[in-house]
Amino acid sequence: MKANGGMSRRQFISLAGATILGLGIVGCADNSATSSSDSGDAASSDSSSEATGKVYYLNFKPEVDEAWKALAKTYTEQTGVDVQIVTAASGTYEEKLTSEMPKSSAPTLFQISGYVGLENWKDYCLDLSDSDVYKELANPDLVLKDGDQIDAVGFVQENFGIVYNKALLTKAGYSESDITDFASLKKVADDIQARKDEIGVKGAFVSSGLDSSSSWRFTNHTANMPLALEFEEDGVTNPDTIKGTYLPNYKDIFDLYITDSTCDKAELSAKTADDAVSEFVNGEAVFYQNGDWGYKDIKSIGDENIGLLPLYIGAGDEAKQGPCSGTENYWAVNADASEEDQKATLDFLKWVVTSDEGTAAMADDMGFNCPFKSSKESDNPITKAATDMIKGGKKAVSWAFAVQPNQEYRDDLANALNKYAAGGSWDDVKTAFVDNWATEKAANK
Amino acid sequence: MGKEKATNRVLSIFFTILSLAWIYPMFMILVNSFKTESSINTTSVFELLGASNFNGLANYVNALTRQGFAAAFMNSLIITVTSVALILVCCSMCAWYVVRVNNRFCKAVYFLFVFSMVVPFQMLMFTLSGLADRMGLNTPLNICFIYLGFGAGLAVFMFAGFVKTIPTEIEEAAMIDGCSPLQVFFHVVLPIMKPTYISVGILETMWVWNDYLLPYLVLDSTKYKTIPILIQYFRGGFGHVELGPMMACIMMVIVPIVVVYLVCQRYIISGVVSGAVKG
Amino acid sequence: MGKVLKKWWPLFVLPTVLSFTFGFIIPFFQGAYLSFCKFKTINKATFVGFSNYAAAFQDPEFAHAFWLTAAFAFLSTVLINVIALAIALALTRKGLKGTNAFRTVFFMPNLIGGIVLGYIWQILINAVLSSVGAQLLSLNTTAGFWGMIVLTLWQQVGYMMIIYIAGLQSIPSDYLEAAKVDGANAWQTLWKVKIPNLMSTITICLFLSLTNGFKLFDQNLALTGGDPDHMSEMLALNIYNTFYSRVGAKWMGIGQAKAVIFCILVVCISLVQLKITRSKEVQQ
C-alpha cells in the first residue's frame, strides 16, 4: 500500500504535467481559431508570414517526386525561397487536390490533366498570359485556355505509339521500313506470331493486361487514334457526343493486340502493367504500345534496341502519320494564393524552365521532353524517335483522348474491353465508347 | 472418456493447421519482402526464397531510405502516444466528474459523448479537416487535440461505466480527510481504475495507430505522413507497384505490433474483452 | 461530494469538452448544414434545400453501394459470429492443448490496420486469382466482394472469439455440471445452457460486427478501391469518392448529404441494439 502511494505520487506529477500540456494545446488552438476567424477569407489571412512568398507544388507523378524535391532544394539554397513538393499517391491526385485546396496553406502550383480537369478547377487558375513560363513556351498552343485567359501551361511533351524491340524485329527478318501502315503491321505481327518459337518469343505483342494498372493503354491511348481522326474529320475539339466513325479500326488494332499476344485472350484479365513490362524487357515480345514515359522501365534492353512506330489503326493518311504527341501535364497557378506566393511560384517556374539546373533536372532526372525554348533535349530514345519522325515530315497526332469525359467513362470502357476479350460482344464496347460519352459528358455538367 | 481425448487430438491437429493458415498471409509478405523486384509478380508470390530471387535486405534499405519511413514512423508514434495519454488523463477525469456531479449539463454532455461513438467519420471528414486547418491543428502534436475530441466518446463511456461501480464512500472519506478533488482523483480513484486505463489505452492505441483517413485529411501534407499514409506511396505512376519495398515496409509496420502484442498479450486481450462488454 | 467537485470543472471537464466541441460537435453540425448547400469550400456555400438529398437518392452508385454494404454487413456478421463462436467453444473444451497459442494467433490480425491488411490481401488474392487464371481483383466484382469477406473474417474472427471465450468462461460451472448430471449431450448443453447464457455476449458481438461491416472503409479502399467501376464500392468509400474524386462542384453537397443519410442509418442500427440490450437487462 505504501509502495503504491509512492507510485501514484509520481504518476500524479506526470499526469498533471500531461494535463497542463493538454490545456496548453487547447489554449493555443483556441487563440489561432479566433485569429483566423477574425481575418475572414483564408487566402490572405496569414499576416505573420514574411514578405517573401512560398511555393507549394502538388505534383502528379510519383516517379519524379524525388527529382522534384532535389530541384526544390537547390532552388531554396540559391534563393532562400521555401519550396514544398508534395506528391499525391498514385491515382489520388484529384482527391488530394480537392482536400488540399480549401486549406489555408493550399498548393500554389498544381497540375491539370486537360480540359476536363480544367472544368473543375478553372476558378482557381491564375491567368498566365503575362507570365514568363508562358512566354518561354516554344509551342504556344500547348496551353489550356478559358476564353482569352491562359489557365494552364503544358510542361511536358509526351509521345506514344508502338514501341518495339529492334533486335528482335531484325531477328524476325524485318526492319522498321517494312511497317508503314496497319496492314503491314498486321502482316509482320501475324508472321512473328506464327513463327514465335523459331524467333524465340512468346508473342508479337506484350500481354494487353486489362486491370487498372494497364487498361489505360487501351482506353486512353489506343482510343486516341479513332477519336483524333473523328475530331479532325468533324472539325471539333471537345464534342458532347461522338459517332464512333473509326470504331471498326479500334476493333482491328485491339484484336491484333490480343490475338498476336504472349498469352491467351482469356488470361488477359489476370495480367498487369508489370507483366507487360517484364515480357518486353525479357525479350518475350516484339511490340509494346506505350510512350516515352515508360522508358525507365524498359531501359535494360539497351537504348539502341528501342524503336517507335506510329500507332497505325488502318485509317487516315497513314503514310504521313507520326507519333501521338501531346500532354496531360499542365501547370496552373493558384489564383487564390497570396500575391507573394503567386509571384514566388512564377519565379520558381521561370527558373525551372530556363536555368541550367532546372532544364537539366527536367530532361535528365525526370526524363521529360519539355516544350520550352531553353529546354534541354532529352536523351530518351523513344522521345528521340518521335522527334525524328516529325522532323522527317510525319504529322503528330494530337491527344484527343484528353477530352474523354471522365475516369468513369474510361473505367466503363475498360470493363467492356475486358468482357469482349473474354469472349463477349463488341456491342458492349461500342456502347461504352459512343453512348457513354454523351452520358458522362452530361453528368459532368 | 477415450472418445473425448480422441476428439481433443483431432481438434488440436485441426487448429494447428488453421493457425498456420492464419499466419500464412504474414509469412508470405515476409518471404516476398526479401525477393528481388523482378522476381515478384502475380504468379511467383507463392515461391519460397532461393538463390535466384534472394535480395537480402535491399528492399528494407530502399523502404527505409527512400520514402521517409523513419519520419512517418516517428509521426505515428508521437501521435499515438500523445493522443492516448491525453485521452486517458482528460477523459478519466471528465468521466469521474460527469458521474459524480451528474447535473443536467453532465447528462447532456454524456449523451453527446455516447452519440459521437456511433457517428461515422465520413459525416464530419470535410468540415473537420477544414476546421482543423484553420485552427492550426495540422501538426503531429496538435492533431492529438482532435483525437482527444474524437476519441472522447468511447473513453468517457468506458470510464464512466467503471466509475459508476465504485462506491462513493472511499472518496468521501478522503474528502473529509482534507483532500482536494484533484488529490482524491489521483490518489483514490485513479489506482482503482487501473484496469480500465489499460483497456481504454489499448483500444485507443489500436485505433489511433492504424487510423488512416483522419491524419490523411488533416495533417499538413507538405511535412507529415503517418505509416498508413506512407504505404500508399509505393504505388508508382502508370500502374507500377514497388512490391518489394512495399512489403518490406508492411513487415516493418507489423513486426513491432506483433512484438508488443506477444509481450502484453494478457492485457490486450482482457482490455478488448472489457471494452467490448461495455461497448 | 458533487458540490465540492462542481467548482473544479475547468480542470476536470474543460479540456475534454473543448476538444470534443471542436473535434466533433462543430464539424458535425456544420456537416449537417452543408448537406443542404452547394459548396466547394466551407466559406463559399449556397443553400440549395433538399436537392442534394434528392440527387443522392437518385444516384445509382449510391444505391448499389447501399445494397452491397447491406449484403456485406449481413454476411460478414453471420460468418464472423458463427466461426468465432465455434472456435471459442472448441478452445474452451477441457483438456485441449495449446489453446493459448491458438488464441494468440487468431487474435493477431486484429492489431494490424485496415490499410495494411488491405494491401496484404490484395497481393495474396491476386496471386491466387492469377494462378487459377481468373480475373484480378480490379476487374473481378465477385472476387472483390468475397475478398473483403475473407479479409474481414481474418481480422475480426479472433476479436469476437476472445469475447465469446470470456462469455463462455463466465457461465457458472454448476449450470454445466447440472446439465451433465441430467444426462444432456454436448449438443443439448450448447443449445439449452450455453447459448441462452451467452445471449448478451451474442448481442454485443452481432452489433459490433454489423456496425463494423457498415462502416468499413480502409479495407475497402486498400483492397479493391471500389474497382471495377464502383462495383465493389461500399457506402463509406462511395461517400469519400463522391466528395473528393468527382468532377464538378455539386458533388460535394451530394457527398455530404450521403454522409448524413449514412450517419442516420448507422445511428438507427445502434438504437436497435440499445433497445435489445436494454430489454435483455430487464429480463435478467
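This is a predicted model: local features need pLDDT of at least 70, side-chain atom pairs count only at pLDDT 80 or more; totals for chains, interfaces and linings use all residues.
**View 1. Chain C as a whole.** Chain C is built from 13 helices and two strands. Its C-alpha atoms fill a box of roughly 75 × 70 × 30 Å along the principal axes. The chain has 284 residues, and 50% of them count as buried. Among contacts in chain C between residues at least 6 apart in sequence, 70% join residues that are at least 24 apart.

**View 2. Contact between chain B and chain C.** On one side 73 residues of chain B take part, and on the other 74 residues of chain C. Helix 1 of chain B, residues 2–32, gives the most to the chain B side, with 11 residues. By class, this side of chain B consists of 55 nonpolar, 14 polar and four charged residues.

**View 3. Contact between chain A and chain C.** Here 28 residues of chain A are in contact with 22 residues of chain C. On the chain A side, the elements giving two or more residues are helix 1 (2–39), helix 3 (93–100), helix 4 (115–121) and helix 16 (407–421). The chain A residues that touch chain C comprise nine nonpolar, 11 polar and eight charged residues.

View 4. The largest nonpolar core holds 244 residues, and B:Val156, B:Phe159 and B:Ile250 touch the most other members. Helix 3 of chain B, residues 69–101, gives the most to this core, with 19 residues. Leaving aside neighbours within four places in sequence, B:Val156 is in contact with B:Cys91, B:Cys94, B:Ala95, B:Val98 and B:Phe113, and also with C:Thr16. A second, separate core has 51 residues, among them A:Tyr56, A:Ile85, A:Ala332 and A:Val353.

**View 5. Strand 5 of chain A and its partners.** Strand 5 of chain A spans residues 149–154 and is mostly covered, with five of its six residues buried. Strand 4 of chain A, residues 143–146, runs antiparallel to strand 5 and is joined to it by four bridges. In this pairing A:Leu144 stands opposite A:Ala152. The two strands form a hairpin with two residues between them, and A:Gly147 in the turn has a positive phi of about 70 degrees. Strand 5 of chain A also pairs with strand 11 of chain A, residues 330–333, in the antiparallel sense over two bridges. There A:Gly154 stands opposite A:Tyr330.

**View 6. The two domains of chain A.** Domain 1 of chain A covers residues 55–157 and 327–373, and domain 2 of chain A covers residues 159–325 and 388–444. Their C-alpha centres lie 30 Å apart. Between them, 10 residues of domain 1 of chain A are in contact with 11 residues of domain 2 of chain A. The domain 1 side of this contact divides into two nonpolar, six polar and two charged residues.

**View 7. The two domains of chain B.** The domain assignment of chain B gives domain 1 as residues 2–63 and domain 2 as residues 68–234. Taken over C-alpha atoms, 37 Å separate the centres of domain 1 and domain 2 of chain B.

Technical notes. Residues are numbered from 1 along each chain as its sequence is written. Chains are lettered from A and ligands numbered from 1 in the order in which they are written. A residue is buried if 20 or more other C-beta atoms lie within 10 Å of its own, exposed if 12 or fewer, and partly exposed in between; C-beta atoms are placed from the backbone. Two residues are in contact if their C-beta atoms, placed from the backbone, lie within 7 Å. Two strands pair if DSSP finds at least two bridges between them. Domain bounds come from an automatic or database domain assignment. Ala, Val, Leu, Ile, Met, Phe, Trp, Tyr, Cys and Pro count as nonpolar, Asp, Glu, Lys and Arg as charged, and the others, Gly among them, as polar. A nonpolar core is a set of buried Ala, Val, Leu, Ile, Met, Phe, Trp, Tyr and Cys residues joined through C-beta atoms within 7 Å.
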